[in-house]
Amino acid sequence: MPNATHKPWHTLEEEASLPASRADLNRARQFMPFASLKGFFSIVRDREKLVTPRRELQEDDLSSLNKTLSSIRKNDMVRVRYYDVDAYHTIQGLVTRIEPHMQIITVVKTSISFSDLDSIEIVKG
């Protein structure tokens, strides 16, 4: 005697008589993706990233950078190129905070260490 708990919800004949949308949903279930390799694709994507090595600034670049940093004030519009994790990024916006003693400049909501700066310029508006 078959166990009642393992009884199918409906037979194939009943499925054929269901409205088209219900039958389509039941059919679509068999094609739903199954993530057997959960996290695998994010690991592969991380390995595909190109890492840009940090470049060392020359003395002329450092002095120019220091001169520009000393002239920047809060609410100045600046364009900053900086190194973060594995690549260079460029951001443009208002200086919301500059802390020379902690060597950090904040452009909008991005805090950047002076040591990560590659270039900085005041944008005339």
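Tutor: Let us start with I98, which is partly exposed because its relative accessible area is 23%, where buried means under 20% relative accessible area, exposed over 50% and partly exposed in between, with a 1.4 Å probe and protein chains only. This is a predicted model, in which local features need pLDDT of at least 70 and side-chain atom pairs count only at pLDDT 80 or more, while totals for chains, interfaces and linings use all residues. Residues are numbered from 1 along each chain as its sequence is written, and side-chain values use heavy atoms, with hydrogens and water left out.

Student: OK, and which strand is I98 in, and what does I98 touch?

Tutor: I98 belongs to strand β2, strands being DSSP runs of E with at least two residues and helices DSSP runs of H or I with at least four, both numbered from the N terminus. Not counting residues up to four places away in sequence, I98 touches L69, I72, I104, I105 and F114, where contact means heavy atoms within 4.5 Å. In space, the C-alpha atoms of I98 and K74 are 6.8 Å apart, although 24 residues separate the two in sequence.

Student: Which residue in β3 is the bridge partner of I98?

Tutor: The bridge partner of I98 in β3 is I105. Strand β2 (residues 87–99) and strand β3 (residues 104–107) pair in the antiparallel sense over 4 bridges, and two strands are said to pair if DSSP finds at least two bridges between them. E99 in turn stands opposite I104 in β3, and the hairpin of β2 and β3 has 4 residues between the strands, with Q103 in the turn taking a positive phi of about 55 degrees.

Student: What about T106, buried or exposed?

Tutor: T106, which lies in strand β3, counts as buried because its relative accessibility is 7%. Leaving aside neighbours within four places in sequence, T106 is in contact with L94, V95, T96, R97 and S111.

Student: T96 is on that list, so how does T96 sit?

Tutor: T96, whose place is in strand β2, is partly exposed, with a relative accessible area of 33%. Apart from residues up to four places away in sequence, T96 touches K74, T106, V107 and V108. The C-alpha atoms of T96 and M77 are separated by 9.7 Å, the two residues being 19 apart along the chain.

Student: Zooming out, in what order do the strands run in the sheet?

Tutor: The open sheet has 5 strands in the order β4-β3-β2-β1-β5, with antiparallel pairing. Its edge strands are β4 (110–113) and β5 (117–122), each of which pairs on one side only. From one strand to the next the twist averages 40 degrees, where axes are lines fitted to C-alpha atoms, for helices over the stretch in contact, and angles run from 0 to 180 degrees between N-to-C directions.

Student: And which helix packs on the sheet?

Tutor: Helix α4 (residues 59–71) packs on the sheet, touching β2, β3 and β5, and its direction makes about 45 degrees with that of β5.

Student: Back to the β4 side: how many bridges join β3 and β4?

Tutor: β3 and β4 pair in the antiparallel sense over 4 bridges, and I104 stands opposite S113 in β4. Their hairpin has 2 residues between the strands, and V108 takes a positive phi near 55 degrees there.

Student: New topic: what lines the largest pocket?

Tutor: The lining of the largest pocket has 15 residues, of which L57, L62, F114, S115 and L117 lie nearest its centre. α4 gives the largest share, 4 residues, and both α4 and β5 supply at least two residues each.

Student: Last one, what is the overall pattern along the sequence?

Tutor: Along the sequence the pattern reads α-α-α-α-β-β-β-β-β, which comes to 4 helices and 5 strands. The chain has 125 residues, of which 21% count as buried. Among contacts between residues at least 6 apart in sequence, 47% join residues at least 24 apart.

Methods. 1 Å grid on protein atoms, 1.4 Å probe; cavity = no way out; pocket = protein on both sides within 12 Å on 5 of 7 lines; lining within 4 Å.
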